[in-house]
Amino acid sequence: MESLLDPTLLARAQFAFTIAFHIIFPALSIGLGSYLLVLEGLALWKKNPVYFALFDYWKRIFAVTFVLGTVTGLTMSFQFGTNWSVFAEKTGPILGPLIAYETQTAFFLEAIFLSVLLFGRKRVSPKIHLFATAMVALGSLISAFWILTTNSWMQTPAGFSINAAGQFVPADWWQIIFNPSMPYRFVHMVLAAFLSTAFFVGGVGAWQLLKDANHPVARKMFSMSMWMILFTAPLQIIAGDQQGLNTEQYQPAKIAAIEGHYQAQKGAPLILFGLPDDKDQTVKYAVEIPKLGSLILTHSLNGKVDGLDEFPADKRPPTPIVFWSFRIMVGLGFLMLGLALWGLWARKKHHFYDNKRLLKLSVLMAPTGLMAILAGWVTTEVGRQPYLVYGHLLTSESVSKTPVAFLTTSFTAYVISYIAILLFAVYFMFKLLKKLPDTQEVSHDYY
């Protein structure tokens with residue numbers, strides 16, 4: 001058991017805390033950027049002031065998430081130098097260019113056109129404004145591409161060699177960028193961002209409908225969100241399954257921990273719930289379905305699945321954390337699908353906008369997409385342990401020789417400042433979202 005004052009543990013906790021806050025804002029930026037593009041396209045096509053009103057309503061929230069995503073992301077770069085200098089030195093020849101590509105392509109693209117999106121409605125033509133919105137949306141997706149490429153390379157490293165100084169150096173950039181897990185992770189994350197945004201927007205729409213069930217902006221907002229959830233949730237389940245199969249191939253220890261399989265076996269059960277015990281190498285009080293684990297992972301009822309006993313004890317991830325974070329993510333995913341199906345049923349029964357139970361549950365579930373992203377991130381990153389570059393560079397070998405006093409002080413400063421940022425974000429967003437726009441205020445010059 002690591003001491004609470006262990007430098008490696010403190011550095012890991014600090015990075016985990018900051019990225020957990022940061023990931024919320026880029027996820028919403030990715031989803032809202034594409035949502036704004038859809039709204040403006042529909043507005044120009046259908047000449048409907050409701051879509052213009054929705055665009056102006058959500059562009060302010062997009063601006064907030066973009067700024068906060070930028071601010072909270074900067075601190076992670078600082079930590080590479082202060083807390084993870086060994087990791088930065090060894091992986092710099094590969095990760096440095098990848099991060100630079102993200103800045104030079106995505107961030108600059110978004111920054112150039114963001115001002116046009118926010119302030120250019122009456123200053124440029126409708127087509128130019130639509131183009132600017134498209135570029136901002138594209139920039140958010142390009143940013144996700146490079147960040148997911150970077151993380152995926154750490155999960156499934158490829159296209160590199162190691163020089164005499166112990167550095168990872170590029171041998172094939174194509175293999176580095178399109179490493180074995182990158183396509184699966186990119187699709188899974190983008191769908192997660194779309195789903196999270198749909199729940200956030202839908203929750204706000206439901207909240208407004210509870211106050212006024214006939215408001216056209218609230219009705220359109222809620223309806224679009226529920227259609228998006230109905231379409232995206234099944235796709236996300238399929239994408240998650242494909243990523244799981246990819247992880248089984250390249251990170252079998254992670255899958256063994258996720259599934260709670262301490263021993264390799266044929267015809268393995270699917271363990272629904274239980275209490276994993278790394279000391280006794282068993283899942284206590286397990287509730288399981290016979291053979292379903294093998295069917296899911298190998299597509300055969302009697303297929304062999306890997307167990308943690310096939311890996312050295314010091315090369316296994318902490319099973320209880322990964323086991324439960326995965327189940328939180330999956331449980332939330334199926335709950336989302338259930339809400340979408342309920343919404344479809346209510347729509348067909350013509351009780352969609354005035355079904356108070358549906359609306360109240362939608363409000364409660366507004367943050368569930370972001371919660372699922374956090375749970376998935378914990379599963380991915382903790383399941384990679386004890387490596388930072390899977391199979392090649394241990395986390396314990398990557399940390400700087402930073403004094404514990406410095407780590408403790410900086411961690412405390414991060415906690416205080418990030419909580420203040422979160423409180424500000426929630427308060428400011430609530431003020432922006434509280435009042436719905438009036439479609440009568442939309443200038444006909446817009447269309």
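**View 1. Phe 17 and Phe 21 are both buried.** Buried stands for under 20% relative accessible area, with exposed over 50% and partly exposed in between (1.4 Å probe, protein chains only). This is a predicted model, in which local features need pLDDT of at least 70 and side-chain atom pairs count only at pLDDT 80 or more, while totals for chains, interfaces and linings use all residues. Residues are numbered from 1 along each chain as its sequence is written, and side-chain values use heavy atoms, with hydrogens and water left out.

The structure holds 26 aromatic pairs, and one of them is the tilted pair of Phe 17 and Phe 21, with 4.9 Å centre to centre and 45° between the planes. Rings of Phe, Tyr and Trp (its six-membered ring) pair if their centres lie within 6.5 Å, and planes under 30 degrees apart count as stacked, over 60 as edge-to-face and the rest as tilted. Because Phe 17 and Phe 21 are four residues apart in helix α1 (residues 7-22), about one helical turn separates them; helices (H or I, at least four residues) and strands (E, at least two) are DSSP runs, numbered from the N terminus.

**View 2. Ring pairs join Tyr 101, Phe 145, Trp 146, Trp 173, Trp 174, Phe 178 and Phe 186 into a cluster.**

**View 3. The charged end of Arg 219 sits over the ring of Tyr 353, 3.9 Å from its centre.** Arg 121 likewise lies over the face of Phe 55, at 4.9 Å from the ring centre. A charge sits over a ring if NZ of Lys or CZ of Arg is within 6 Å of the ring centre and within 35 degrees of the ring normal.
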